[in-house]
Amino acid sequence: MPAVSKGDGMRGLAVFISDIRNCKSKEAEIKRINKELANIRSKFKGDKALDGYSKKKYVCKLLFIFLLGHDIDFGHMEAVNLLSSNKYTEKQIGYLFISVLVNSNSELIRLINNAIKNDLSSRNPTFMCLALHCIANVGSREMAEAFAGEIPRILVAGDTMDSVKQSAALCLLRLYKTSPDLVLMGEWTSRVVHLLNDQHMGVVTAAISLITCLSQKNPDEFKTCVSLAVSRLSRIVSSASTDLQDYTYYFVPAPWLSCKLLRLLQCYPPPEDGAVKGRLVECLETILNKAQEPPKSKKVQHSNAKNAILFEAISLIIHYDSEPNLLVRACNQLGQFLQHRETNLRYLALESMCTLASSEFSHEAVKTHIETVINALKTERDVSVRQRAADLLYAMCDRSNAKQIVAEMLSYLETADYSIREEMVLKVAILAEKYAVDYSWYVDTILNLIRIAGDYVSEEVWYRVIQIVINRDDVQGYAAKTVFEALQAPACHENMVKVGGYILGEFGNLIAGDPRSSPLVQFNLLHSKFHLCSVPTRALLLSAYIKFINLFPETKSTIQEVLRSDSQIRNSDVELQQRAVEYLKLSSIASTDVLATVLEEMPPFPERESSILAKLKKKKGPGAVSVNELEEGKREGGELNGGGERGADTSAIATSNASTPSPSADLLGLRAGPPVTAAAPSAGSLLVDVFSEAGVNDDGFLRDLEPPTESSDSLLAEGPGDSDSAPTPPPSVVSEEPAPPLPESNELLNKFVCKNNGVLFENQLLQIGIKSEYRQNLGRMYLFYGNKTSVQFVTFTTTVTCPGELQSQLNVQSKTVEPLIEGGAQVQQVINIECLSDFSDAPLLNIKFRYGGALQNLTLKLPVTINKFFQPTEMLSNDFFQRWKQLSQPQQEAQKIFKANHAMDTEVLKAKLLGMGMALLENVDPNPENFVCAGVIQTKAQQVGSLLRLEPNAQAQMYRLTVRSSKDTVSKRLCELLAEQF
């Protein structure tokens, strides 16, 4: 940049700034500013033309006043005029003013663009850099439209100076991030990639930031960059600190460029070319070797630069997961950092080793550091480091060390920070279940867990131990004896009372032979805890009492006395009162055989995935439980992993969190099924008709709808009265071909994207209403056909078809419709829907009938869209953005920028986003004006996690919608559907 001459000091500006600083009060400052604004305004409006120096000085003062927080509503034209100056300082001030004060909607934008074009076409590198900096600082869509085609040409031109190339690369990166659809590389791709070979290191550093961003969006287009990146990395790694003097930072050659190169390589799989792969492995080995060398400087900057390259290299080694030697060496290097005096290094080492532990090549090497990690868990002062240590212990656990790790985690739980206790409890419960060597150890561990951290033991944990005890005959007696002893403690957590009440109610007879645990002693022990418990626990204990009457007839009178007491039979809580009355009556009038039948022992629970795993995945995301770990757990856990997912009330509690198994990987870590509110129906009645003959019940008519079990013979079993589904149309209309969909079909479908009920279609003859609800991958739709005339509709038939690929993506069954609709009457039709895989099209509904002898034939699109199968998923801000970054593959994101079609009302936006079926996450996005949502699309084939971000711009009346999903077709379809709603 040219030197600023002595005369450019702008004494008037210095005096003004000094006056502002010397003001004793806010009022004095405002007075001085108003005086100066009046003076500047008079100068700009005066008859005497101002020279460049004066314009620059006054524009600078306006800029300073703006930075103090005052509004500036004039001076913009003078700033634009400065752009045409040939003096650097005047042009610089003009660009600075424009970058800060001029918005993209300004009327001056055309003049500004012309001035920028003039500077870009001039061959003055200083002016070109100023123009590029202005474009990047403003970064608006208008700027991208004007210059996105020009900047790549400047970037790759052979006669462009290096400083201009650097600015051009970073300017293009800025425009690509704000308007990716406008920045099309096309013919420039190969030439941009070859900037990695540029002799100027600054150009390479700037270009690699651009190439990395472009590679994440279009990996195939830029895959040639891999060999060039490896070549450049090899030259840097093998160079001495004196070879790159201008780019050596505390004896480390080009550390920023090295990290960027390593990060770029993480966008691609290992190179297929043997020579390139060998050279890359050699580079990684050299980096690991240099980490072992004694430091060349004691300065912290030296170690930071050196370690930054090392950790990025280890991330690349983990990403490839194909070089056993490198993985073990990386693990050993991280092991040395575990005892480093620098806290940040210990944290990073623990975090990286968590990932290494999931690799089959390095798992054993990670296990050798178990004592160091346990020590870190006990002695680290920083809670975040202790949490990473707990994560690593969880990741490195297997059958050989499970008892040791579980014992250490239980020990740590007694003093653990409250913020991580719930997560620790889940991990201990999962490890105890997955690697149990015998069931008695598992029962002891979970009961100990409840004793130590009862407040943090979720329902899933104690549900799980009960499921396993019920499924295993050999552990039932031991479990009954153990909980009986645990309940004798003076201070007993309520979760222990729940477990004790359930197990003793089922298996108390197995320990009743011992006088110390006779039936009456068991009952008195449980009842002594009754008054201390919450209502749900008291309800469970009442169920245990009636079970006691069946198991131990000698306790009948004592228990009846308790049930008959005013505190029970007149309890203010309706649930407790009803149980007490019904159990008392049942025990009084039922015979022994009837009582034994009604209160028989609970049957074994069906085999399903552990709900604790699902809860931990929902809480922590994919980093907590990888797919490999789940598969390993299924192999090694044996039968112990196979309990069902029902709740734990002895009267068939209906509050469990069952999770539906899926053959696909849970890429977002969001898989957790919704609460199951009833026992699973039989295969013959999966879709239970809960409508009365009178019409539709509005209170959630799918509350009894369950997902299909693996034993189901039919994907969509017939509901009552559905045996005539898919009828053959009458001969009078079957010969007529279905009409093509109405032109307004897409518009009608879009009306129902964010709602389930309403009028689908209406003309002078017919009105079609719709009411629907969805549960996981199943849906039920009720169509209401209303005859608006006074004349009968005859031979009325409807046919639902799935065109093309939709036949393999949706399973649709429809109930027959009455062929005759009287004038003014209405008939209804039931349609059952099962989502087999993600889809884009909609089923077609063809309606044919005769009105006054004339055939009416019309076809509509049924409003069945992929978002109807969303399960909302709550998550915190850190979890959201962590998963957002994980879904960074170009094909996983769909983005659309569009003009608002309706008034930008916040409450309406929230209602529409909730209507989409996703969870609207509050206080997650740093910008409170933005909306973010999360959910999982449930299909039979797989579950697709999806994240959404909607960024409204009220000033421009525009939206930017970004959807990221673990499946590209889902992202694109959701983006298309939602863009039509706003």
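Thr445 is found in helix 24, which spans residues 439-453, and in this predicted model Thr445 is buried, with a relative accessible area of 5%. Leaving aside neighbours within four places in sequence, Thr445 is in contact with Val406, Leu410, Val428 and Ala432.

**The chain as a whole**

Buried residues make up 53% of its 982 residues, while the accessible surface comes to about 43900 Å², of which 50% belongs to carbon and sulfur atoms. Among the contacts between residues at least 6 apart in sequence, 70% join residues that are at least 24 apart.

**Nonpolar cores**

In soluble globular proteins, nonpolar side chains tend to be buried together. In this model the largest nonpolar core has 199 residues, and those with the most contacts inside that core are Ile116 and Leu449. Not counting residues up to four places away in sequence, Ile116 touches Tyr95, Ala131, Cys134, Ile135, Met143 and Phe147. Another core, of 61 residues, lies apart from the largest one and has Phe761, Phe793, Ile833 and Leu858 among its members.

An open sheet of 5 strands has the order 3-4-5-8-7, with antiparallel pairing. Its edge strands are strand 3 (757-762) and strand 7 (810-814), each of which pairs on one side only, and the twist averages 25° from one strand to the next. Strand 3 pairs with strand 4 (residues 766-775) in the antiparallel sense over 5 bridges, and Glu762 has Gln767, in strand 4, as its bridge partner.

**Salt bridges**

Side chains of opposite charge can pair when their charged atoms come close.

| Pair | N to O distance |
|---|---|
| Asp198 and Lys165 | 3.6 Å |
| Glu380 and Arg346 | 2.5 Å |
| Lys910 and Glu922 | 4.0 Å |

The salt bridge of Asp198 with Lys165, whose closest N and O atoms are 3.6 Å apart, links distant parts of the chain: Asp198 lies in the loop between helix 11 (189-193) and helix 12 (201-217), whereas Lys165 belongs to helix 10 (residues 162-178), the two being 33 residues apart. Asp198 is buried, and so is Lys165.

For the salt bridge between Glu380 and Arg346, at 2.5 Å from N to O, the setting is again a loop and a helix, because Glu380 lies in the loop between helix 20 (370-379) and helix 21 (383-396) and Arg346 in helix 18 (residues 343-356), so that the pair ties together parts that are 34 residues apart in sequence. Glu380 and Arg346 are both buried.

The side chains of Lys910 and Glu922 meet in a salt bridge with an N to O distance of 4.0 Å, and this pair links distant parts of the chain, with Lys910 in helix 39 (residues 906-915) and Glu922 in the loop between strand 13 (919-921) and strand 14 (931-938), 12 residues apart. Is Lys910 buried or partly exposed? Lys910 is partly exposed, because its relative accessible area is 22%, and buried means under 20%.

Elsewhere, Asp19, Arg32, Glu36 and Lys61 are linked in a network of salt bridges.

Methods: Residues numbered from 1 in each chain as written. Predicted model: local features only at pLDDT ≥ 70, side-chain atom pairs only at ≥ 80, totals over all residues. Heavy atoms only, no water. Core = buried A, V, L, I, M, F, W, Y, C linked by side-chain atoms within 4.5 Å. Buried < 20%, exposed > 50% of the residue type's maximum accessible area, 1.4 Å probe, protein only. Contact = heavy atoms within 4.5 Å. Pairing = 2+ DSSP bridges. Helix = DSSP H or I, 4+ residues; strand = E, 2+ residues; numbered from the N terminus. Axes fitted to C-alpha atoms, helices over the stretch in contact; angles between N-to-C directions. Areas by Shrake-Rupley, 256 points an atom, 1.4 Å probe, with all protein chains shown as cover.
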